[in-house]
Amino acid sequence: MDQYDGDEDYMPQEDDWDRDLLLDPAWEKQQRKTFTAWCNSHLRKAGTQIENIEEDFRDGLKLMLLLEVISGERLAKPERGKMRVHKISNVNKALDFIASKGVKLVSIGAEEIVDGNAKMTLGMIWTIILRFAIQDISVEETSAKEGLLLWCQRKTAPYKNVNIQNFHISWKDGLGFCALIHRHRPELIDYGKLRKDDPMTNLNTAFDVAEKYLDIPKMLDAEDIVGTARPDEKAIMTYVSSFYHAFSGAQKAETAANRICKVLAVNQENEQLMEDYEKLASDLLEWIRRTIPWLENRLPENTMQAMQQKLEDFRDYRRLHKPPKVQEKCQLEINFNTLQTKLRLSNRPAFMPSEGKMVSDINNAWGNLEGAEKGYEEWLLNEIRRLERLDHLAEKFRQKAAIHEAWTEGKEEMLQKRDYETASLSEIKALLKKHEAFESDLAAHQDRVEQIAAIAQELNELDYYDSPSVNARCQRICDQWDALGALTQKRSEALQRTEKLLETIDQLYLEFAKRAAPFNNWMEGAMEDLQDTFIVHTIEEIQGLSTAHEQFKATLPEADKERQAILGIHNEIAKIVQTYHVNMAGTNPYTTINPQEINAKWDKVRQLVPQRDQALIEEHARQQNNERLRRQFANQANVIGPWIQTKMEEIGRISIEMHGTLEDQLTHLRQYEKSIVNYKPKIDQLEGDHQLIQEALIFDNKHTNYTMEHIRVGWEQLLTTIARTINEIENQILTRDAKGISQEQLNEFRASFNHFDRDRSGTLGAEEFKACLISLGFDIANDAQGENEFSRIMSIVDPNRMGIVTFQAFIDFMSRETADTDTADQVMASFKVLAGDKNYILADELRRELPPDQADYCIARMAPYTGPDGVPGALDYMSFSTALYGESDL
């Protein structure tokens, strides 16, 4: 049985205590339920039951019926009357029956039962339970309550989280009931999932399973047990006794089954031993029967290997096969004796083996085996010595023959090869040297062939069993040797003849290569020049190419003579090959050039010459057209370029010289702008000429220094400059009108700016701007304070930190410094007037004094006033005024 671990310690043992004189209400409730369920578990066998334990037993009828069911005996005939005397008579009959079973009834009388005394009734039922359900329990020389407690302890011992010491608090967590069920019917409860700290679940699980599967009625309530400090001992004992009786029947059946199984097991074991003996005896006798003929066989073998194999088989027999059989024979006798002893001890008749399988029969067969074994090994050794001498001579023959055959392997194929027919001269010379080395090797092997023939003759004289195969092998070696000699002579002659022819051809190959290589290079260079894509930009360049091409054509006749001479050398080689049937597998070793390639390149050169002529003519015509386009573009660009430059200079003078008022300058500049815009068609015409030049892929023009990109940039700068100059004049007019600056002041500002704009760029650098300010009366000292002041001014006129100051930025700064401007304080004072000298203003006041759109603008952006003198709806015009000038956020 497995051990069932728990996380809790053993329940503390609590001493039993006597409560015979005290019936606790909780205990009374538990006894009522338990005793009622116990009684009904028996009464239902008679087809009845009770509902109220002290009421239903008052007439004594069901009490007598209960005693008859649980005892299996018949009681005296009950009284059927309804009077009190009849009831008392029936109860007395029941009490007399209980007393007849050796039970002393103390203070329990029939009148109390008839009167429905609960304590007396429960005491009487408890007496019945003790006598008929608990008293007969006996475990290890203990009985009744102690026996039942010991039985519970034995059954729950493997469960470490269960410690049954009594019949009250030891059962409160429910694990004891679950352990009893799991011990006998483990499939009914998953004990591993139970927890000691969840007694309600444990108790209900045990009660439900017992009622459903074990036919034990639910005699207790989990709530009563958990809710009572000390559950009722009698109720617990009554319920637990039901488990004992439920499982004791199964235990008796198990004991009977074990006794039968033990007897059958002994019988089965004996039968198995008998079968094992019969099988082992049969196998051993069969092995002896098969082995004796093998040991008596003295037929000699022809080969040493076969005899050695017989000796090895015999040694395997002695070393591997016989020892296990000796062990089997011994084991057979042991098994026989053991079996007879077991049969005698179990009062069974002695075992009689089948006929011929007695121990004595096996011993007789074993003696025959050892008789056949004698002398077999000695015969084997003598026969091996006889064959050893012949095998040595035969092995010597085989070794020499094998060495010779291995040497000759592939030699005939090598000598018959016609590799010299496709070999080059250097390869032929190498083949000749290799053949001379083979001839020397062939002569050295003559002695081995003679030795092989002599050994074969000796084996024939000694009448060797395998002489026919030896003679056939020797004959093959001799025939092959004669064939090798003839083939060697034939190959030597063929190699020498081929060498002379290839030397002549090699000289012609070399001459061909020496003349073909430079001629091939000349043709390749000519083809490269004729196909070269020329890029020219002038007529002079194309005329130079045409002159060089005419000079090349004059060299073609002499080149054709050289080609014919080179092809003649190749034809001579072909004539030799055809006459002497030389198989030219390879090519010219001195060059990769062949006649076909020379002719193909020559034809290609002749084909490319007229193509080159046509290309030069077409290029000459294209260059003439390009020259016309260059002159056409240059004539216009040389006029437009200076015109743009002149206009740029004139615009610069207009913006600097300050002739007349700003309105006069603006009028003059707009007239200038109109004249510039009217010049646009000439620019467009020049763009068209430039498009033609681009399509013709003309990249330079010696007739002008102007490119279309220069013209475009100049034109765009001209348009930008006139537009920017007009914009500056317009901004100066706006500044003048907005700030109230006079024309004389503007002229003074322009004169100062122009004076320090020495490069006439229209902008001042930082140092130039600083000098300009000093000339206008600004106090900018050369100290830290002066530098800080200048940095502040530069952050105003050059917010993007470009390092330059435009005239417009200069005018804005000077107008700000000299004009009268509004401030946050002035606006704040104006709002205060509208508010009636209050620190806040109301929306109605803004709508009354300002236009609607401006009033709504202020109301939407003014923050609520939070001062102590404020009223509902008050607005903060002070923070709003400050935010207007960037001194705070709106």
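Tutor: The account below begins with the basis of the model and then turns to the nonpolar cores. This is a predicted model, in which local features need pLDDT of at least 70, side-chain atom pairs count only at pLDDT 80 or more, and totals for chains, interfaces and linings use all residues. Residues are numbered from 1 along each chain as its sequence is written, and side-chain values use heavy atoms, with hydrogens and water left out.

A nonpolar core is here a set of buried Ala, Val, Leu, Ile, Met, Phe, Trp, Tyr and Cys residues joined through side-chain atoms within 4.5 Å; buried denotes under 20% relative accessible area, exposed over 50%, and partly exposed the range in between, with a 1.4 Å probe and protein chains only. The largest such core comprises 76 residues, and Ile128, Phe177 and Phe243 have the most contacts inside it. Helix α6 (residues 118-134) supplies the largest share of this core, 10 residues; helices (H or I, at least four residues) and strands (E, at least two) are DSSP runs, numbered from the N terminus.

With residues up to four places away in sequence not counted, Phe177 touches Trp171, Leu203, Ala206, Phe207, Leu220, Ile236, Tyr239, Val240 and Phe243, where contact means heavy atoms within 4.5 Å. A second, separate core of 46 residues includes Phe633, Tyr672, Met708 and Ile726.

Lys310 counts as buried because its relative accessibility is 13%. Beyond its neighbours within four places in sequence, Lys310 is in contact with Asn297, Leu299, Glu301, Tyr376, Trp379 and Leu380.
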